[in-house]
Amino acid sequence: MNPAARRVQRVYLTLMLGNTLAASFIWGINTLFLLDAGLSNFEAFAANAFFTVGMVIFEIPTGVVADTVGRKASYLLGTITLSVTTGLYWMLWLWQAPFVWWALVSVLLGLGFTFFSGAVEAWLVDALAATGYTGSLEAVFGRGLVVTGIAMFSGSVLGGVIAQVTDLGMPFLVRAGVLMLMFVFAFIVMKDLGFTPDRSAGPLKAIRNVLSQSIEHGLKRRSVRYMILSAPFVGGVGSYAFYALQPYLLELYGDPTAYSIAGLAAAVLSLAQVAGGLLAPRIRSLFAKRTSVVLVAVIISIGTLVALGLNSLFWLAIVLLVVWGFVFAVVGPVRQAYLNDMIPSKQRATVLSFDSLFGSLGGVFIQPALGRAADLQGYGTSLVIGAVVELIGLPLLLASRRQKDPADARTI
């Protein structure tokens, strides 16, 4: 890696560090925060679903921003939007607001995250190419996972401790402050390299072009199509499980007010993520194809969710949580590299946003449905049902593998 590419990587890792640190302050206590605001399990996960509705609605328009205005501009808009809407979330908790307001602000939170999705990843890949980097994308994405894992560990532990010694709302205020610091950092150091925004078209025409390019380079290319279509099942269940494990672990622990334990659970996941990020390139080298890594990881994830749902021991749940987090950490860089190698540079942010959109679609329907199952049958049963839903994604992953795309076997 030459000095210019190394600088790009440093900026990327700092962005990932700051974003994840800000987000992770509330990851360990988000579901507890919503329940403390007076929402039921169904309403809490419905609020999360409205967050993903926002992502579905705004993925394409914000993809236009990334591809026609610039990836830096998209990132800056994301930090501002998330900072403001996080503050609004805190105010809703303070006022014990009715569900309709949670739904509205959750949609706006989704808008904030869509400015990030695809843009930062596309910025990295294009900037590395522009600086002459020819190494493994898995290695860079793996380092990103290590950094975000460290940030997630720090933020989750601190968020849980802050909530324990103050209240469940304080971590949200800390998150908003960190996001504003990231805005200043990105404004100063982030530059669009290897990419020239296309501003020749108006907003509506640009949206039509983005949508057509998403279909052309996404759904019409079979190897990409099936990978994207699997995202609602794998991603939707993963989102539900991450947040459901907070109250479920407290239930197994026997103390529903032990917020630091909820933060610890997210911290355990972060350590598993660090290990997965470090080992992802090596594990990838054990398989001839990238899709093999993805398939094995999803199968292990399904089995782990079933075991979590049937388990009644707190310490065993922590062990299973480590396994579940590790396999997701390993598969992330491999799946990212597979998709990026199949997408042209000019449409990279757009198609990656399209992939994120499909993942969000799964969360729209799966999260409230599994949340209702938790209300009726308990968290354990809902996790087992989630494993069955995730199983639906396996045939689609197999279909992507059968296309024998050159990107499946690429190592650099």
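A residue is called buried here when its relative accessible area is under 20%, exposed when it is over 50%, and partly exposed in between (1.4 Å probe, protein chains only). Keep that in mind for the first stop, and note that the model is predicted: local features need pLDDT of at least 70, side-chain atom pairs count only at pLDDT 80 or more, and totals for chains, interfaces and linings use all residues. Residues are numbered from 1 along each chain as its sequence is written, and side-chain values use heavy atoms, with hydrogens and water left out.

**Stop 1: helix α15**

Select residues 379-391, which form helix α15. Helices in this tour are DSSP runs (H or I, at least four residues), as strands are (E, at least two), and they are numbered from the N terminus. Colour Tyr379, Gly380, Ser382, Leu383, Gly386, Ala387, Val389 and Glu390: these residues of α15 are buried. The helix has 13 residues and reaches 19 Å from its first C-alpha to its last, close to the 18 Å expected at 1.5 Å a residue. That expected span is 1.5 Å times one less than the number of residues.

**Stop 2: Asn41, a partner of Tyr379**

Stay on Tyr379 and show side chains: a polar contact of 2.6 Å joins it to the side chain of Asn41. A polar contact is a pair of N or O atoms within 3.5 Å; within protein, one must be able to donate a hydrogen and the other to accept it, and residues adjacent in sequence count only if both atoms are side-chain atoms. The side chain of Asn41 also makes a polar contact with the side chain of Asp375, at 3.0 Å. Asn41 sits in helix α3. Is Asn41 buried or exposed? With a relative accessible area of 14%, Asn41 is buried. Beyond its neighbours within four places in sequence, Asn41 is in contact (heavy atoms within 4.5 Å) with Leu35, Gly371, Asp375 and Tyr379.

**Stop 3: along helix α3**

Next, pick Phe45, also in helix α3. Phe45 is buried, with a relative accessible area of 0%. Leaving aside neighbours within four places in sequence, its contacts are Thr31, Tyr240, Tyr243, Ala244, Gln367, Pro368 and Gly371. Now draw a C-alpha to C-alpha distance from Phe45 to Ala369: they are 324 residues apart in sequence and 8.4 Å apart in space.

Move on to Thr68, another residue of helix α3. Thr68 is buried at a relative accessible area of 16%.

**Stop 4: where α3 meets α5**

Show residues 41-69 (α3) together with residues 99-116 (α5). The axes of the two helices come within 6 Å and cross at roughly 35°. Axes are lines fitted to C-alpha atoms, for helices over the stretch in contact, and angles run from 0 to 180 degrees between N-to-C directions.

Which residues of α3 and α5 make the contact? On α3, they include Phe50, Phe51, Gly54, Met55 and Phe58; on α5, Phe99, Ala103, Gly110 and Phe113 are among them. By class, the contact has 14 nonpolar, five polar and two charged residues. Here Ala, Val, Leu, Ile, Met, Phe, Trp, Tyr, Cys and Pro count as nonpolar, Asp, Glu, Lys and Arg as charged, and the others, Gly among them, as polar.

**Stop 5: Phe116 in α5**

Select Phe116, which is found in helix α5. Phe116 is buried, with a relative accessible area of 11%. Not counting residues up to four places away in sequence, Phe116 touches Asn19, Tyr75, Gly78, Thr79 and Leu82.

**Stop 6: Thr20 and Phe242**

Thr20 belongs to helix α1 (residues 3-27), and Phe242 to helix α10 (residues 222-253). Thr20 is buried at 9%, and Phe242 counts as buried at 15%. Apart from residues up to four places away in sequence, Thr20 touches Trp27, Thr148, Ala151 and Met152, and Phe242 touches Trp27, Met152, Leu269 and Trp324.

**Stop 7: two loop residues**

Most residues other than glycine have a negative phi. Gln96, in the loop between α4 (71-95) and α5, has a positive phi of about 50°. Gln96 is partly exposed, with a relative accessible area of 42%. Finish at Lys404, in the loop between α16 (393-402) and α17 (406-409), where phi is positive too, near 55°. At 64% relative accessibility, Lys404 counts as exposed.
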